Amino acid sequence: MTETILEARKLAKTYTINNSAILILDAVSLTIGQGEFAVITGDSGSGKTTLLTLLSGLDRPTSGRVILAGRDITDLDEDSLARLRNEQIGFVFQAFHLVPSLNAMENVMFPAELKGDRLARDKASALLHRVGLWERRHHFPDQLSGGEKQRIAICRALINSPRILFADEPTGNLDSKNSDAIVDLLAELHREQGATLVLATHSAGIAGRAQRIIRLSDGRLSNGSGSSC
Ligand SMILES: Nc1ncnc2c1ncn2[C@@H]1O[C@H](COP(=O)(O)OP(=O)(O)O)[C@@H](O)[C@H]1O
Ligand SMILES: [Mg+2]
């Protein structure tokens, strides 16, 4: 059996709008094994993004716990959480979220520089070569195509060798050719680096690439998709 790297215990998220509480996620419990490629899937509005932001420490649950590598991260203060996100978690967003004033190389180096890694430039160079964008290292985000921006964002997410890489609809802003290339790249990097990959997508085609499918419906797990096999 593989070691558990991530565990959600009865996660719930409620938003209050006009004084009425809306339950977005309801008692979601799941475990993800070290090195697993898991997809979280479900219709638009089913709670995939909300779940990913809770699992990755980008937001806090209303109730429930998140355990990463045996450590309960639910109540960490903001500074500890920010450090943990930078050093142990990579996150790839649908809309890339690159820093517009930094070029490709600087965007990739940024998380490593933040923790004072003297090898930041060497690591960024290796990643840019790996994804075929070395020639574009001096380009700024607005000089790159969508597919190129996402490859840069993937390099940035990987530079600190995270224990887990999260990707939220990483191909949502791309055409089908670039979508395929990005999913291929993520699957290859997952194999090469042995990192755990948790990808949210509404696409059945992409979900079919994963070793494990976790299905959400109206903020709840569909039967049987919470436990690791
Ligand atoms: N900040 C928020 N405030 C209120 N409702 C929200 C907020 N974020 C998401 N929601 C609602 O939560 C539900 C799930 O959203 P989301 O997690 O983005 O789903 P998905 O990623 O599966 O499309 C949706 O009904 C959405 O409108
Ligand atoms: Mg979403």
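At what angle do α3 and α5 pack, and how far apart are their axes?

## Packing of α3 and α5

In this predicted model, α3 and α5 pack at an angle of about 25 degrees, with their axes 7 Å apart; axes are lines fitted to C-alpha atoms over the stretch in contact, and angles run from 0 to 180 degrees between N-to-C directions. The two helices (DSSP runs of H or I, at least four residues, numbered from the N terminus) are therefore roughly parallel to each other, a term for angles under 35 degrees. Ala104, Asn107, Val108 and Pro111 of α3 make the contact (heavy atoms within 4.5 Å) with Ile152, Cys155 and Arg156 of α5.

## Nonpolar cores

The largest nonpolar core has 38 residues. Such a core is a set of buried Ala, Val, Leu, Ile, Met, Phe, Trp, Tyr and Cys residues joined through side-chain atoms within 4.5 Å, where buried means under 20% relative accessible area with a 1.4 Å probe, protein chains only. Val108 and Ile152 are among the residues with the most contacts inside this core, and α3 and α5 are among the elements that each supply at least two of its residues. Apart from it lies another core, of 28 residues, including Ile40 and Leu216.

## Basis of the values

Residues are numbered from 1 along each chain as its sequence is written, and chains are lettered from A and ligands numbered from 1 in the order in which they are written. Local features need pLDDT of at least 70, side-chain atom pairs count only at pLDDT 80 or more, and totals for chains, interfaces and linings use all residues, while side-chain values use heavy atoms, leaving out hydrogens and water.

Terms used
Buried < 20%, exposed > 50% of the residue type's maximum accessible area, 1.4 Å probe, protein only. Parallel < 35°, antiparallel > 145°, perpendicular 65-115°, else oblique.
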